[in-house]
Amino acid sequence: MLSLTDQEVDRITTQLLKGMVCFFQIDKRKIHHMPDDEDYFNYDLTPDEEDILDEIDANPDNYAEFTKMEIPQEHQMMQDFIDRYVKERNLAEDLVNALTKPKSLTAYKFLIDESKYKNQWHEHRQLKYKDWVREQVDSFNYAED
């Protein structure tokens, strides 16, 4: 059964928020990360990253993969933040409107970073991503049973 320390959850969360995908090596309790190929499709893997992927292919049961949230989950997290914290109607409307546009994550980030809610948003997002990592641990354990 996989379990992570709070420090490991924090490290994985930080990497996911940077756009990485993480692989937790169970026997050595080591976190490997590399760019998510959905976001970095022109990225050339380093020899070390290629070795890690080869090891994962050879021994998949020894690794748990952690990925960032899907776009609908990200949108729900953003909408929850708006509903819960943003009191100014104009800003709330602008943020909701940003979620309907192409490049919605960038538009939302631009608006929130220019507001008084910037730090609160980053804390909210960090907490939600920690929960997301823990959900992935639960899914991994459920699949193992």
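The model is predicted.

Me: How is the pair of Phe81 and Trp121 classed: stacked, tilted or edge-to-face?
Reply: The structure holds four aromatic pairs. For Phe81 and Trp121, the ring centres are 5.3 Å apart and the planes stand at 70°. Planes over 60 degrees apart count as edge-to-face. So the class is edge-to-face.

Me: How many residues apart are Phe81 and Trp121?
Reply: Phe81 sits in helix 3 (residues 71–85). Trp121 sits in helix 6 (residues 118–144). The pair links distant parts of the chain, and the separation is 40 residues.

Me: Which helix does Tyr108 tie to helix 6 through its pair with Trp121?
Reply: Tyr108 and Trp121 pair edge-to-face, 5.0 Å centre to centre with 65° between the planes. Trp121 belongs to helix 6, and the two parts are 13 residues apart in sequence. Tyr108 lies in helix 5 (residues 104–113).

Me: Is Tyr108 buried or exposed?
Reply: Buried means under 20% relative accessible area. Tyr108 has 1% relative accessibility, so Tyr108 is buried.

Me: Which residues form one aromatic cluster?
Reply: Trp121 is one of the members. Its relative accessible area is 4%, so Trp121 counts as buried.

Note on methods: Residues numbered from 1 in each chain as written. Predicted model: local features only at pLDDT ≥ 70, side-chain atom pairs only at ≥ 80, totals over all residues. Heavy atoms only, no water. Phe/Tyr/Trp six-rings, centres within 6.5 Å; stacked < 30°, edge-to-face > 60°. Helix = DSSP H or I, 4+ residues; strand = E, 2+ residues; numbered from the N terminus. Buried < 20%, exposed > 50% of the residue type's maximum accessible area, 1.4 Å probe, protein only.
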